[in-house]
Amino acid sequence: MSYSHHLPISKPVDGSVGSTGIWRSFRPVIDQEKCKHCLLCWLYCPETAIKRVGEDHMQVVIDYTYCKGCGICANECPFKAITMVREG
Amino acid sequence: MVVVTEVLTGNYSVAHAVRLSRAQVIAAYPITPQTTIVEKIAQFVEGGEMNAKYMRVESEHSAMAACIGASATGARAFTATSSQGLLYMSELVWWAGLGKFPMVMAVVTRAMAPPWSIWSEHNDVLAHRDCGWVIFFAESNQEVLDLTIQSFRISEDERVIQPVMVSLDAFILSHTATPVSLPDQSDVDDFLPPLGSRRLPFILDPANPAAYGNLAYPKDFMEFRYEVARSMEHARDVIVEAGREYGKITGRYYDSLVEGYRCSDADVVLIGMGSSVGDAKDAVDMLRDKGYSVGVIKLRTLRPFPFDEIRDISRGKKFVGVVDRDFSFGFGGIGYGEVSSAIGGRVPVQGFIAGLGGRDITVKDYVAIGERLVDMADKGLEPMSPIWIDLKREVFK
């Protein structure tokens, strides 16, 4: 086409529907020493922003591209292994 | 040029135009008075006269969704509806317009309930005035056929890439048979090349996945609206070009967004749209015989709105009257509001409301309207709130 159009097209990449992580005012930080791999945070996260990694998929990490900082994981963690840190 | 003349209803004129335009996907959901459009197309497809995918969907909402899907893959899509059906479809009508999906939809204008009505009124189409669709109003069955064919070309033009609506009045056009001239298939093929993916700025392709219309933050949003606004402005030229080219194959030229009838030397001009403009023209002939200097402007397109054309034709006139087969409660006629914004106070504009829910707007009504406008002009009267024609005032005593 010789004429250019401005169209709302997005490719399937991280954050193509919006990097909701930019909404966050508090960031959950996991203390891997205290973590007992119970996976409650992974279960409760409403944004599926907690990923299971490692060979046995039992280690949890937070996907900060999508984590909105709601704090539910920190609230649910029975071992106080997640703390909410104010975003700078 | 091989010309065949058949006696066709407005609805069959649409169906023949869709057949001649080689539409590839038809989404069909019945509603009176549109049904015979998709019925006739079903017959064409079933009889092998059309090579199209005919989808019997479960609602108008799905009909438009199917057309959007078809259009997004580069197929030429068509559907038709009326009144309640158009309202049910509404969410997706906006998607098609704001998303720039080329397609054509015939809307047989019909009043909305309550009370139930199957007869003509323009509020169904006018409720979709702002969705990014090019909107035509047809006066005759011939115009219905001609505008439907042109609509595919306009819709698919790279400067436009927007959907197009062709409005025809319930029963007055949809079910009334008149002689209609059908262009030759090879002429239509020359006028309307196949669509295909290469003529579109974007298609959905599983081999190259992409999402269309995702969340846009305020910092990115306005430009998508401006893209549609710009396309609608380009549509003005594209409509005129298509109308000229169409004239070359048929002898019927549609080279303006409006049609003026006996306007150049008129003191007073009536403005309207749809089937009743034909009656207005007859009335003007009668008024001229009586010595009244009256002309008519037909709004062939409502979107894009013919600002310049109306401004030019109405310049120096003593009075303009707008006859609306619609009403915006708490405001007045919708056409009246639009025409007034084009005229910008340079000529007094009087609104008339007529023909709601299919009440006849007769030639006699138009003669009376014309005489009244001439009288207002002669007496130097100011325009007043909209005048309701043929209203049973005694009901409200």
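A: A salt bridge here is a side-chain nitrogen of Lys or Arg within 4 Å of a carboxyl oxygen of Asp or Glu. This is a predicted model in which local features need pLDDT of at least 70 and side-chain atom pairs count only at pLDDT 80 or more, while totals for chains, interfaces and linings use all residues, and side-chain values use heavy atoms, with hydrogens and water left out. Residues are numbered from 1 along each chain as its sequence is written, and chains are lettered from A and ligands numbered from 1 in the order in which they are written.

Q: OK, how many salt bridges are there between domain 1 and domain 2 of chain B?
A: The count is 6, and in one salt bridge the side chains of B:Asp169 and B:Arg325 meet at 3.9 Å, N to O.

Q: What area is buried between them?
A: About 2100 Å² is buried between domain 1 and domain 2 of chain B, and carbon and sulfur atoms give 56% of that; buried area is the accessible area (1.4 Å probe) that two parts lose on being put together, summed over both.

Q: Switching topic, what about chain B and chain A, how many residues are in contact there?
A: There, 23 residues of chain B are in contact with 17 residues of chain A, and the two chains bury about 1800 Å² between them, with 58% of it on carbon and sulfur atoms. On the chain B side, B:Glu158, B:Tyr217 and B:Phe224 lose the most area to chain A, together 29% of what that side buries.

Q: How many salt bridges does that interface have?
A: Between chain B and chain A the count is 0 salt bridges.

Q: Which strands join the two chains?
A: Strand E1 (residues 9–10) of chain A is joined by 2 bridges to E9(B), and the strands run antiparallel; strands are DSSP runs (E, at least two residues), numbered from the N terminus, and two of them pair if DSSP finds at least two bridges between them. Within E9(B), B:Ala211 is the bridge partner of A:Ser10.

Methods
Contact = heavy atoms within 4.5 Å. Helix = DSSP H or I, 4+ residues; strand = E, 2+ residues; numbered from the N terminus.
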